[in-house]
Amino acid sequence: MSKDSLSIRHNRTGKTVEYPLLQGTLGKETVDIRAIHKDLDCFTYDPGFTATASCKSHITFIDGDKGVLLYRGYPIEQLAEHCNYLEVAYLLMNGELPNATQLQDFSLEVAHRSMVHESLRNFFDGFSYDAHPMAMLVGVVGSLSAFYHSELNMKDPEHRRVCAVRMIAKMPTIAAASYRHSVGKPFVYPRLDLGYCENFLNMMFSRSSPNYIDPNYSVDPIEKKALNLLLILHADHEQNASTSTVRLTGSTGANPYACIAAGIAALWGPAHGGANEAVLRMLKQIGSVDRIPEFIARAKDKDDPFRLMGFGHRVYKNFDPRATIIRQTCYEVLENSNRQDPLFELALALEEYALKDEYFIERKLYPNVDFYSGVIYRALNIPEEMFTVMFAIARTSGWLAHWLEMMADPSTPIGRPRQLYLGPEQRNIIPIDAR
Ligand code: SDX
């Protein structure tokens with residue numbers, strides 16, 4: 001076997017085939033087994049894609065053993081310290097950080113595209129007041145495809161770029177409208193004079209209405225900073241479940257807004273972006289520090305469905321660098337709001353207890369990005385049902401960066417996995433009266 005290839009020998013036929021080992025800029029060697037079906041007449045079996053690279057990408061790199069996360073080569077710690085969310089969104093989509101003029105133009109374009117079509121407001125009336133905001137988000141974002149379909153030429157890079165910017169711009173407006181609908185308050189229109197995070201907080205919490213701007217509402221700078229940080233930390237994470245869903249949907253040539261709606265649906269599950277909401281519910285269920293051992297025992301018990309939400313990760317087997325940054329921010333935000341959050345104290349105690357436990361040590365289970373994000377959102381007065389919506393706002397730039405990358409590559413095939421069939425062999429129908 002040569003140094004940069006991998007040989008596979010079929011034991012029954014004795015046929016040996018060599019497959020090239022590809023080396024990316026960073027990360028593990030990856031064997032290109034695309035020809036295995038033709039060469040050996042077999043498929044590979046990898047449910048959950050635990051060892052499968054589904055695409056080539058230039059956007060995000062993770063070293064799960066070392067706790068490294070890079071967007072376009074920049075460490076997440078540096079981006080979190082020096083950038084605003086729109087700078088990061090621009091970086092993810094374009095490959096380079098913007099200069100001052102580019103950032104100003106991009107921010108202005110986002111602000112100008114933040115309004116939604118007036119008819120879109122009617123969609124919200126179709127939802128019950130107690131509909132989950134994620135349900136509204138999936139529906140309303142999907143419906144954008146009905147508003148911006150005719151003018152879209154997916155083969156034109158400028159059309160695709162506009163589509164991506166439009167989505168990033170409208171997501172906070174739709175997200176805030178979902179919240180306002182759920183509490184029966186009038187929608188607040190986006191304002192051109194406010195930045196991305198400030199605008200979102202204003203649309204969520206000011207007493208404004210379509211005809212009135214609340215002169216008494218102003219966004220707390222520490223809260224704005226915390227929101228900006230959370231959006232950056234959640235912006236992209238290479239081929240996670242929702243991004244892979246966006247890519248798979250997009251590979252069929254589907255409308256991009258429908259692709260993002262598919263990503264939102266995938267994000268919603270508690271094993272993925274829904275974990276931040278589930279963490280808060282779990283902390284409330286545990287209730288007090290003295291009950292931690294009982295719940296740790298339940299999390300370890302295979303007969304009990306209870307798992308520690310916000311713990312574990314498919315890729316990080318040391319620590320999630322985003323969780324480290326978020327934990328520190330929790331202290332700052334809580335100090336700023338002058339309040340002690342018993343759930344934060346409980347989360348800290350739970351983390352300490354779990355990290356000393358042999359079960360979690362052996363399986364390399366650490367707090368992930370969403371273990372502490374809910375505590376910050378709580379301090380920003382964002383209700384629990386909105387936590388995953390917040391994740392979706394942030395991840396929109398990542399989803400679109402991947403969609404743009406995929407659409408720009410003419411060699412992208414439609415996503416079409418194979419299967420290991422275990423159903424009945426071919427058989428004949430027995431007439432109904434003889435069954
Ligand atoms: C996100 O992929 C991404 O990049 C996602 C994300 C992103 O930015 O896009 O980072 C965002 O989705 C964060 C993850 C949020 N989910 C949770 O916090 C839910 C709780 N965690 C898990 O359900 C789980 O850890 C996953 C889904 C995150 C990872 O699952 P894997 O990689 O398939 O691991 P596994 O389920 O095979 O677990 C391995 C072992 C098992 O035990 P054994 O069978 O080996 O005995 O660890 C155990 C699991 O039972 N285990 C847990 C556990 N997570 C895994 N046991 C108790 N509590 C847990 N949370």
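Colleague: At what angle do α4 and α7 pack?
Modeller: This is a predicted model. In it, the axes of α4 and α7 lie 8 Å apart. Their packing angle is about 70°.

Colleague: Is α4 roughly parallel or roughly perpendicular to α7?
Modeller: The angle between α4 and α7 is about 70°. Angles of 65 to 115 degrees count as roughly perpendicular. That makes α4, relative to α7, roughly perpendicular.

Colleague: Is the crossing of α4 and α7 left-handed or right-handed?
Modeller: On the α4 side, Phe106, Glu109 and Val110 make the contact. They meet Arg161, Val165 and Ala169 in α7. The crossing of these two helices, α4 and α7, is right-handed.

Colleague: How many charged residues are in the contact of α4 with α7?
Modeller: Glu109 in α4 and Arg161 in α7 are among the residues that meet. By class, the contact of α4 with α7 has 4 nonpolar and no polar residues. The charged ones number 2.

Colleague: What covers the buried residues of α8?
Modeller: The buried set is Tyr196, Cys197, Asn199, Phe200, Leu201, Asn202, Met203 and Met204. The cover includes α4 and α7, along with α3, α9 and α18.

Colleague: Which residues does Asn202 touch, not counting residues up to four places away in sequence?
Modeller: Asn202 lies in helix α8. Its relative accessibility is 2%, so Asn202 counts as buried. With residues up to four places away left out, Asn202 touches Val188, Arg191, Leu194, Tyr217 and Val219.

Colleague: How many disulfides does the structure hold?
Modeller: A disulfide needs cysteine sulfur atoms within 2.5 Å. The sulfur of Cys83 is 13 Å from the closest cysteine sulfur, in Cys197, so that pair is too far for a bond. Cys330 is in no disulfide either, with the nearest cysteine sulfur, that of Cys197, 17 Å away. The count of disulfides is 0.

Colleague: What is the relative accessible area of Cys330?
Modeller: Buried means under 20% relative accessible area. Cys83 is buried, at 11%. Cys330 is buried too, with a relative accessible area of 1%.

Colleague: Are α13 and α15 oblique or roughly parallel to each other?
Modeller: α13 (residues 292-300) and α15 (residues 342-355) have axes 11 Å apart. Their packing angle is about 55°. α13 passes α15 in a right-handed crossing. The two helices, α13 and α15, are therefore oblique.

Colleague: How many nonpolar residues are in the contact of α13 with α15?
Modeller: From α13 come Ile292, Pro293 and Ile296. They meet Leu346, Ala349, Leu350, Tyr353 and Ala354 in α15. The contact of α13 with α15 has no polar and no charged residues, and the nonpolar count is 8.

Colleague: Where is Phe49, which has a positive phi?
Modeller: Phi of Phe49 is about 50°, although Phe49 is not a glycine. Phe49 counts as exposed, at 53% relative accessibility. Its place is the loop between α1 and β4.

Colleague: Does Arg72 count as buried, partly exposed or exposed?
Modeller: Arg72 sits in the loop between β5 and β6. Its phi is near 50°, a positive value in a residue other than glycine. Relative accessibility is 22%, so Arg72 counts as partly exposed.

Terms used:
Residues numbered from 1 in each chain as written. Predicted model: local features only at pLDDT ≥ 70, side-chain atom pairs only at ≥ 80, totals over all residues. Heavy atoms only, no water. Buried < 20%, exposed > 50% of the residue type's maximum accessible area, 1.4 Å probe, protein only. Axes fitted to C-alpha atoms, helices over the stretch in contact; angles between N-to-C directions. Helix = DSSP H or I, 4+ residues; strand = E, 2+ residues; numbered from the N terminus. Parallel < 35°, antiparallel > 145°, perpendicular 65-115°, else oblique. Left-handed = near helix turned anticlockwise from the far one by under 90°. Contact = heavy atoms within 4.5 Å. Nonpolar A, V, L, I, M, F, W, Y, C, P; charged D, E, K, R; others polar.
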